[in-house]
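User: Hey, I've got a chain to look at for class. Can you walk me through it?

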Amino acid sequence: MKVKEKFLLSVIGISMICLILNPIKSKAALQANGNPGSIGTINNWLINIRRMESTGGTLGLSGEVGSNLDTTGTPNNLDIHMQKNTEYGAMAILSASAYGKQGKVADGESTTGNKSGIYINLNKEWVAAGGNELGNYLENFRNAVGKYKNIYTESYVAKVGDAITETNGWHGSGASQWMTICLSSGLLRSYAGSLFSYYGRGDNSYVDAIYTRQWSSRAVVVVGSGF
């Protein structure tokens, strides 16, 4: 037998032994199916995205989600939840930094200008945020622990990373007024032609942010302990 053939057989043999002694284990899997994005209400997004890490969910884990949307039982060191306004805002701000595209992100483009970024659809997109009375109408929003939502009051108080007032007008963004009616409305991002746009009204004249409307959203995955 030639030396080259002996070498190849040795490599194959060692590989097989390694696989037997230390088999490959997949604890999580997430694959896009290529279909158009789904739409839903804030209430549905909050619970359905959390359930992705529960038994039978998309990630193939055995966790359980409690009535407050937090994980119960043995921690799985993975947290997947509906994007909060502060998380969407951080993504938007990074797109305009030295780590992003810096210029305007057009519809269908990524935040970095290449495949390493987050692809943006400039449509109406729910975030887990709303006025402080929104919980009166949405059970999941009311019950969710604080780490899964942003609550705003009648007198708007900026939250670190939310990219609302400080970025108003960036790359042609538009914004609604924070009025009393917003206390019971949800918050939509990217309703106009810019990643930095937002919409927060919910009366009959401006129906887009009414919490019963179905729009798109995003899932945020946090890996590691202590989240």
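User: Let's start with contacts. Of those with a separation of 6 or more, what share is between residues 24 or more positions apart?
Analyst: That share is 59% for this chain. Keep in mind that this is a predicted model.

User: OK, and how many helices and strands does the chain have?
Analyst: There are 4 helices and 8 strands. Going from the N terminus, the elements run α-α-β-β-β-α-β-α-β-β-β-β.

User: Which strands make up the open sheet of 4, and in what order?
Analyst: The order is β5-β4-β6-β7, and the pairing is mixed. β5 and β7 stand at the edges with a single partner strand each, so one side of each has no neighbour in the sheet.

User: How do β4 and β5 pair, then?
Analyst: They pair in the parallel sense, over 3 bridges, with β4 covering residues 125-131.

User: Which residues of α3 are buried?
Analyst: Asn85, Thr86, Tyr88, Gly89, Met91, Ala92 and Ser95. The buried residues of α3 pack against β4, β5 and β6.

User: And how much of the whole chain is buried?
Analyst: Buried residues make up 40% of its 227 residues.

User: Switching topic: how many aromatic pairs are there?
Analyst: The structure holds 4. One of them joins tryptophan 170 and phenylalanine 196, with ring centres 5.1 Å apart.

User: Why is that pair called edge-to-face?
Analyst: The ring planes are at 65°, and the label applies because planes over 60 degrees apart count as edge-to-face.

User: Where do the two residues sit?
Analyst: Tryptophan 170 is in the loop between β5 and β6, while phenylalanine 196 is in the loop between β6 and β7, so the pair ties together parts that are 26 residues apart in sequence.

User: Is phenylalanine 196 buried or exposed?
Analyst: Buried, with a relative accessible area of 2%. Tryptophan 170 is partly exposed, at 34%.

User: Last one: which lysines lie over the face of a ring?
Analyst: Lysine 124 lies over the face of tryptophan 215, at 5.2 Å from the ring centre. Lysine 149 lies over the face of phenylalanine 141, at 5.3 Å from the ring centre.

Conventions
Residues are numbered from 1 along each chain as its sequence is written. This is a predicted model: local features need pLDDT of at least 70, side-chain atom pairs count only at pLDDT 80 or more; totals for chains, interfaces and linings use all residues. Side-chain values use heavy atoms; hydrogens and water are left out. Rings of Phe, Tyr and Trp (its six-membered ring) pair if their centres lie within 6.5 Å; planes under 30 degrees apart count as stacked, over 60 as edge-to-face and the rest as tilted. Buried means under 20% relative accessible area, exposed over 50%, partly exposed in between (1.4 Å probe, protein chains only). A charge sits over a ring if NZ of Lys or CZ of Arg is within 6 Å of the ring centre and within 35 degrees of the ring normal. Two strands pair if DSSP finds at least two bridges between them. Contact means heavy atoms within 4.5 Å.
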